[in-house]
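I opened this notebook to record a strand pairing and the contacts between aromatic rings. The entries follow the order in which I looked things up.

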Amino acid sequence: MCTIVGDTLAAYSDDVGGRVHDLLGTRCDPYVNQMLSGKAFDFHCHSNLTRAILPFGLVESDVHDVLNVFQVTGLNKDGQYYMEPCPAKSGDYFEFFAEIDLLCALSTCPGGDLSAWGWGKDSGSDDMLDCCRPLAVQIFRLTDASLLKNWQSPESATYSGVHGLKMPTFAA
């Protein structure tokens with residue numbers, strides 16, 4: 001779908017091995033928030049992404065896996081998922097080349113840089129909003145076609161099975 005061509009935090013790793021820009025975690029959503037805190041809140045990443053894709057004829061179930069850009073996630077020594085504060089500073093970037101047409105929806109984590117994070121009835125204060133940071137998006141178009149001289153568009157998967165299911169045979 002895309003190739004990462006620039007990343008100022010490519011070598012980043014925390015003390016446990018957590019990295020940035022991963023698919024390890026999911027996005028927070030109003031369903032889990034309601035369950036854990038007893039409060040309704042419609043501005044988690046899931047809701048933000050849902051609102052972002054609606055104008056393109058897509059719906060909530062079309063919000064798929066997320067790429068946690070600049071968010072530190074990992075598994076600790078006990079195999080438990082964790083998140084840490086974002087190490088990004090002004091000027092850090094993540095740049096990719098779209099190999100196919102992409103619809104990219106962006107949500108800045110309502111937990112901000114995760115330096116004031118929490119779940120449950122006694123957490124999730126407005127302090128989390130105080131550590132939100134702005135993001136910038138730039139879209140570039142190639143002006144020198146020779147840069148794509150050896151590039152080939154990705155091939156479609158050739159799989160044509162039915163995931164192990166046998167289709168019924170009907171008598172004529």
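I began with terms: helices (H or I, at least four residues) and strands (E, at least two) are DSSP runs, numbered from the N terminus. Two strands pair if DSSP finds at least two bridges between them.

The model is a predicted one, in which local features need pLDDT of at least 70 and side-chain atom pairs count only at pLDDT 80 or more, while totals for chains, interfaces and linings use all residues. Residues are numbered from 1 along each chain as its sequence is written, and side-chain values use heavy atoms, with hydrogens and water left out.

Entry on the strands. I found that β2 (residues 72-75) and β3 (residues 81-84) run antiparallel and are joined by 4 bridges. Opposite Leu75 I located Tyr81 of β3. The hairpin of β2 and β3 has 5 residues between the strands, and Gly79 there takes a positive phi near 80°.

Entry on the rings. How many aromatic pairs does a search of the whole structure find? I noted 3. Rings of Phe, Tyr and Trp (its six-membered ring) pair if their centres lie within 6.5 Å; planes under 30 degrees apart count as stacked, over 60 as edge-to-face and the rest as tilted. Phe41 and Phe43 have ring centres 5.9 Å apart and planes at 70°, so I recorded the pair as edge-to-face. The rings of Phe94 and Phe96 have centres 6.3 Å apart and planes at 55°, so this pair is tilted.

Entry on accessibility. Buried means under 20% relative accessible area, exposed over 50%, partly exposed in between (1.4 Å probe, protein chains only). Phe94, at 17%, is buried, whereas Phe96, at 35%, is partly exposed. Phe41 is partly exposed at 31%, and Phe43 is partly exposed at 49%.
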